[in-house]
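Subject: Handing over a structure

Hello,

Please find below the structure that I promised to pass on to you.

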Amino acid sequence: MMKYILIICLFIGQCATAQKVSKADKKIIGSLRTHINYLADDRLEGRRTGSAGEKLAYEYITAEFKKAGIPACSPEGYLQPFEVNDGKKINEETYFSVNGKALDLNKDYFPLAISGNGLVQCEIYQSLKETGEIWFYDLNELLNQNINNPHFDLQDAITRQIADVAKKGATGLVMYNSSSIVDNIKFDEKDRSPISAIPVIYLSKEAKANFLADEISMQALKLNIKIEERNRVGHNVIAFLNNNAPTTVVIGAHYDHLGYGEDHNSLYAGDIPMIHNGADDNASGTAALIELGKLLTSSGIKKNNYLLIAFSGEELGLYGSKYFTEHPAVSLSGINYMINMDMVGRLNDSTHGLSIGGFGTSPLWGQRLNANNKYFKIKFDSSGSGPSDHTSFYRKDIPVLFFFTGTHSDYHKPTDDADKINYNGEVKILRFVFELIKETNNDGKIPFTKTRETASMGKNSFKVSLGIMPDYTFAGNGVHVDGVSAGRPAEKAGIKTGDVLIQLGDHKFSDVQSYMDALNKFNKGDATKVKVLRGKEELVFDIVF
């Protein structure tokens with residue numbers, strides 16, 4: 001009997017929950033589901049900036065703005081193109097020849113990414129290793145000397161060696177490895193290290209044996225290196241509800257994601273390339289942006305204009321939003337505030353935890369936002385900076401708010417799919433944002449306040465990285481680890497998801513911002529200790545950056 005009573009109670013509870021969703025919200029949920037299912041479909045191949053998948057995504061977003069009756073901001077249309085530096089590429093004019101015989105690029109040799117450009121030739125062999133223009137360097141001794149050195153950095157050692165031989169008169173350098181130790185040297189198109197003063201190539205063992213086995217074979221060498229920047233084009237999608245008001249509210253969300261992980265920003269540890277659909281990150285925010293646009297078109301809140309921007313290039317370092325703030329479609333001085341929605345699709349049904357960043361960027365937010373919300377458990381972050389597009393606006397002295405439901409185990413992995421979105425939770429966030437916009441309708445131009453800077457989470461923002469994913473919604477002391485990157489210092493040391501970091505070396509910290517400050521005290525190769533809480537147990541791990 002108790003079993004049947006329990007089933008009846010559960011059924012009644014489910015019905016009561018269902019009754020709380022209004023007819024209007026059910027319609028919005030249906031639209032959110034449609035948007036996210038499309039944007040996170042395999043056909044879009046992860047919406048990587050500048051890709052065919054990005055094109056499908058911006059065409060969809062544009063069509064939705066048109067259907068909602070939201071015009072383009074520019075006479076040229078909805079799109080704002082911008083260039084993205086995609087690293088480096090080897091120009092086809094690059095060559096290396098021995099006695100007039102051209103070696104095969106990428107088979108026999110390749111230039112290092114830090115190589116300088118230029119033409120070097122040595123027509124008569126004298127003693128290339130000591131006095132000639134093109135020098136040779138075997139990595140054998142260096143690798144064997146440091147085979148058991150945990151602090152050894154091969155790239156740093158090579159950089160120093162290049163500088164040393166250039167100082168001694170070399171105008172070109174050929175490197176090779178005669179040892180059996182694997183060096184993993186390759187042309188790294190993403191390498192942003194300083195360029196060396198001379199051209200440098202890496203020669204395969206086979207090519208060394210076939211073409212440069214002895215000094216007699218090295219009668220005439222010719223080396224020409226030409227490395228260029230590789231660029232691709234991303235596109236912001238901009239729509240404008242013009243109410244002829246003196247101020248404009250910007251509502252933004254990035255729609256790009258990681259593609260197959262080509263830009264090395266994936267946390268996927270597998271060997272087979274897989275599509276990163278990015279349903280939560282950030283098809284969820286893009287879908288909410290479209291639906292907010294629809295609500296605003298039919299609302300009576302007309303004392304601000306509304307600029308709706310779907311950004312691309314966020315995953316690469318806020319490219320799209322940075323470009324917009326440098327090339328604004330409306331005057332920045334007329335922007336009232338900016339709302340950013342990034343990852344709003346995974347609201348936890350148990351905790352209802354919602355993180356709102358930018359709380360300290362205007363005194364008005366303290367009047368309009370209250371942590372004692374009836375539904376959400378809100379965690380405020382004062383800083384106007386953070387790992388998303390609102391940062392670009394904050395840096396232009398514009399008040400911002402950043403809505404975020406937190407990271408999860410699918411973050412930056414191929415498993416971030418549409419079937420894991422909490423649509424009921426997302427519509428509640430959308431309604432929350434809409435009500436906030438309504439409440440500020442009569443506030444006029446709101447004041448801006450500077451906050452403490454939080455360092456950007458971009459790939460090259462720090463000298464070192466532990467390789468952990470912080471939980472920005474964690475309200476306790478320290479930094480809650482929401483994910484650990486494979487092969488990075490944290491994983492090697494034994495840190496696990498769920499641990500709470502509280503100290504790095506001598507530097508204690510209480511939140512993500514102070515953790516970032518502590519992290520920036522260290523350099524590559526430094527060894528230190530990290531203190532964590534695992535449940536109630538305090539553990540100390542050795543870390544090498």
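Phenylalanine 509 counts as buried because its relative accessibility is 4%, where buried means under 20% relative accessible area, exposed over 50% and partly exposed in between, with a 1.4 Å probe and protein chains only. Tyrosine 515 is buried as well, since its relative accessible area is 3%. These two residues form an aromatic pair of the edge-to-face kind, with 5.3 Å from centre to centre and 65° between the planes. For such a pair, the ring centres of Phe, Tyr or Trp (its six-membered ring) must lie within 6.5 Å, and planes under 30 degrees apart count as stacked, over 60 as edge-to-face and the rest as tilted.

Before going further, please keep in mind that this is a predicted model, in which local features need pLDDT of at least 70 and side-chain atom pairs count only at pLDDT 80 or more, while totals for chains, interfaces and linings use all residues. Residues are numbered from 1 along each chain as its sequence is written, and side-chain values use heavy atoms, with hydrogens and water left out.

By the ring rule above, the count comes to 16 aromatic pairs, and one aromatic cluster is formed by Tyr375, Phe376, Phe403 and Phe432. Rings also meet charges here: the charged end of arginine 33 sits over the ring of tyrosine 423, 4.2 Å from its centre, and lysine 450 lies over the face of tyrosine 394, at 5.4 Å from the ring centre. A charge sits over a ring if NZ of Lys or CZ of Arg is within 6 Å of the ring centre and within 35 degrees of the ring normal.

Tyrosine 515 belongs to helix H13 (residues 512–519), where Val512, Gln513, Met516, Ala518 and Leu519 are among the other buried residues. Six of the eight residues of H13 are buried, and the helix is mostly covered. The protein chain has 13 helices and 22 strands, which are DSSP runs numbered from the N terminus (helices are H or I with at least four residues, strands E with at least two).

Now to the packing of helices. The axes of H2 (residues 23–39) and H7 (residues 279–297) come within 9 Å and cross at roughly 135°, which means that H2 is oblique to H7. H3 (residues 52–67) packs against H7 at an angle of about 15°, with the axes 10 Å apart, and H3 is therefore roughly parallel to H7. Axes are lines fitted to C-alpha atoms, for helices over the stretch in contact, and angles run from 0 to 180 degrees between N-to-C directions; under 35 degrees counts as roughly parallel, over 145 as roughly antiparallel, 65 to 115 as roughly perpendicular and the rest as oblique. In H3, Tyr60, Ile61, Glu64 and Phe65 meet Thr286, Leu289, Ile290 and Lys294 in H7, a contact being heavy atoms within 4.5 Å.

Where is leucine 212 found? Leucine 212 lies in the loop between helix H6 (205–211) and strand S9 (221–225), and it counts as buried because its relative accessibility is 0%. The C-alpha atoms of leucine 212 and valine 98 are separated by 7.9 Å, although the two are 114 residues apart along the chain.

Finally, for the whole protein chain, 51% of the 545 residues count as buried, and the C-alpha trace spans about 90 × 60 × 50 Å along its principal axes.

Best wishes
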